[in-house]
Amino acid sequence: MRLLECNDGKFKLAKDLVHNIPRYAILSHTWGPDAEEVTFRDLVDGTGEDKIGYEKIRFCAEQARRNGL
């Protein structure tokens, strides 16, 4: 499992979560055409913000924030 951290509207992969795992939300990983999905490589490289899937990740992050996650 990979966890994303969201800071200032930017996403990055969480590192070394062995202890003190924070509360988190589980999100679906596919929402549309393959070319519009945000991939692991997009997250590592900091790319993909123009893909449709990225907007959905932003939406889910905002909902998680509203839910105190």
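Modeller: The protein chain has two helices and two strands, where helices (H or I, at least four residues) and strands (E, at least two) are DSSP runs numbered from the N terminus. Read from the N terminus, their order is β-β-α-α. This is a predicted model, in which local features need pLDDT of at least 70 and side-chain atom pairs count only at pLDDT 80 or more, while totals for chains, interfaces and linings use all residues. Residues are numbered from 1 along each chain as its sequence is written, and side-chain values use heavy atoms, with hydrogens and water left out.

Now to the part requested. The structure holds one aromatic pair; rings of Phe, Tyr and Trp (its six-membered ring) pair if their centres lie within 6.5 Å, and planes under 30 degrees apart count as stacked, over 60 as edge-to-face and the rest as tilted. The ring centres of Phe11 and Tyr54 are 5.5 Å apart and the planes stand at 80°, so this pair is edge-to-face. Because Phe11 belongs to strand 2 (residues 10-13) and Tyr54 to helix 2, the pair ties together parts that are 43 residues apart in sequence. Phe11 and Tyr54 are both buried, a term for under 20% relative accessible area, with exposed meaning over 50% and partly exposed in between (1.4 Å probe, protein chains only). In the protein chain, buried residues make up 22% of the 69 residues.
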